[in-house]
2 protein chains.
Amino acid sequence: VRNSTDAEFSAQGGRSGRRPGESGTRAAIAASASRLFAARGYDRTSLRAIAADAGVDPALVTHYFGSKQRLLIEVASPPIDPKLVVAQVVEGDPDGAGERLARLVLGVLEDPEGRERITAMVRAAASEPEAAVLMRDMIVAELYGPMTAALGGDRSEFRANLVGSQVVGLVMARYVVAIEPIASAPVEEVVAAIAPTLQRYLMGPLI
Amino acid sequence: VRNSTDAEFSAQGGRSGRRPGESGTRAAIAASASRLFAARGYDRTSLRAIAADAGVDPALVTHYFGSKQRLLIEVASPPIDPKLVVAQVVEGDPDGAGERLARLVLGVLEDPEGRERITAMVRAAASEPEAAVLMRDMIVAELYGPMTAALGGDRSEFRANLVGSQVVGLVMARYVVAIEPIASAPVEEVVAAIAPTLQRYLMGPLI
């Protein structure tokens, strides 16, 4: 169990001038929050529990992150760079875009850390309206923005919504509710099943 | 307001070793919850109101059901008869099955009562593991069972999972997170966009 002291506090000077101990405390809080949000759900994870898990005083959680929602958003940043996703999807054979996106999505979700972060986001958005609003803003700014810009074409925002709906639905079915047989299906089977859906949502006919 | 008495308790058969009165109290709470959820909606029905309606102490609601979300899942029944859904989807031109299902789903979700019930269920499943397990069991027994039986064919359970993933993802995108433009898109545009997805998941190639 780690302890944060006044010595750590005294070095507060904004992000640039932080001492190593502060970023360590901050990172420990963020790691505990990420783990607990995924394991228990956003609603049932208290700031107090996060502090206890990180081994710090609860006041430090508020000190560094302000609120549970801000903490969530902080730890819920996309597990891979959205620009990388967009680049990999848009570059290359257009007919393979859906499959490349499906593979990227499954790749992130099959990684324990990526899965934890994404299920925490989906759970939070589902269970708290304020979290849903923050999440929506983050998705639009960080993911839909670059994606629709890259896609160009017609109705790119609606297309991004549709892609998001299938991805979130997959997260729910395979990882959150964990319904069989899709929960245990090999990655390649899931990729094969959803790739044509994503392909059409990205650039196929919608009518 | 109903009262649970020892006389009522004594008439209960009960399961295995439980006191006779327990299942009566439990049933009274479930009946009140079911009635109030339907009459007032899930969000505006408190555990306290359910307890008052059932004539029991609020602590008993928590004792038997743990949380409002779990109570919801226990008393939840699909807003339309699954057999009706299956019949309408399976009967008629096979090529129109996806569109008929999309239309049915949107029909239920555009109705305020159906929407509230389904979003409450999705929220519960997303945020409480126990609720997710109960919902999974209900989906398998009441929806996937009849649907896969009617579909016959290959990999019908995997197909039912895929259909469920797109439907739940749509619920999240359009109604829970309410991201634009899909949240405000006309029903016909959403039907047109997801119908081919459901069609392929129901009976198209998955590889």
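Biologist: Helices (H or I, at least four residues) and strands (E, at least two) are DSSP runs, numbered from the N terminus. So to start, how many helices and strands does chain A come to?

Modeller: Eleven helices and zero strands. Before we go on, this is a predicted model: local features need pLDDT of at least 70 and side-chain atom pairs count only at pLDDT 80 or more, while totals for chains, interfaces and linings use all residues. Residues are numbered from 1 along each chain as its sequence is written, chains are lettered from A and ligands numbered from 1 in the order in which they are written, and side-chain values use heavy atoms, with hydrogens and water left out.

Biologist: Thanks! What percentage of chain A is made up of buried residues?

Modeller: Of its 207 residues, 50% are buried, with buried meaning under 20% relative accessible area, exposed over 50%, and partly exposed in between (1.4 Å probe, protein chains only). Among the contacts in chain A with a separation of 6 or more, 65% link residues 24 or more positions apart; a contact here is heavy atoms within 4.5 Å.

Biologist: Now the interface. How many residues of chain B are in contact with chain A?

Modeller: 42 residues of chain B, which meet 45 residues of chain A. The buried area between them is about 3,400 Å², and carbon and sulfur atoms give 63% of that. That area is the accessible area (1.4 Å probe) that the two parts lose on being put together, summed over both.

Biologist: And how many salt bridges does the rule find across the interface?

Modeller: Two, taking a salt bridge as a side-chain nitrogen of Lys or Arg within 4 Å of a carboxyl oxygen of Asp or Glu. One salt bridge between the chains pairs A:Glu189 with B:Arg155, at 2.8 Å from N to O.

Biologist: Which helices of chain B supply at least two residues each to the side that touches chain A?

Modeller: α8 (112-127), α9 (129-151), α10 (156-176) and α11 (187-203). The largest share, twelve residues, comes from α10(B). By class, that side of chain B has 28 nonpolar, six polar and eight charged residues. For the classes, Ala, Val, Leu, Ile, Met, Phe, Trp, Tyr, Cys and Pro are nonpolar, Asp, Glu, Lys and Arg are charged, and the others, Gly among them, are polar.

Biologist: I keep clicking on A:Val168. Which residues does A:Val168 touch, not counting those up to four places away in sequence?

Modeller: A:Val122 and, from the other chain, B:Met172. A:Val168 sits in helix α10 (residues 156-176) of chain A and is partly exposed, with a relative accessible area of 23%.

Biologist: Are B:Glu110 and B:Arg174 buried or partly exposed?

Modeller: B:Glu110 is partly exposed at 31% relative accessibility, whereas B:Arg174 is buried at 6%. They form a salt bridge, with closest N and O atoms 2.9 Å apart. B:Glu110 lies in helix α7 and B:Arg174 in helix α10 of chain B, so the pair ties together parts that are 64 residues apart in sequence.
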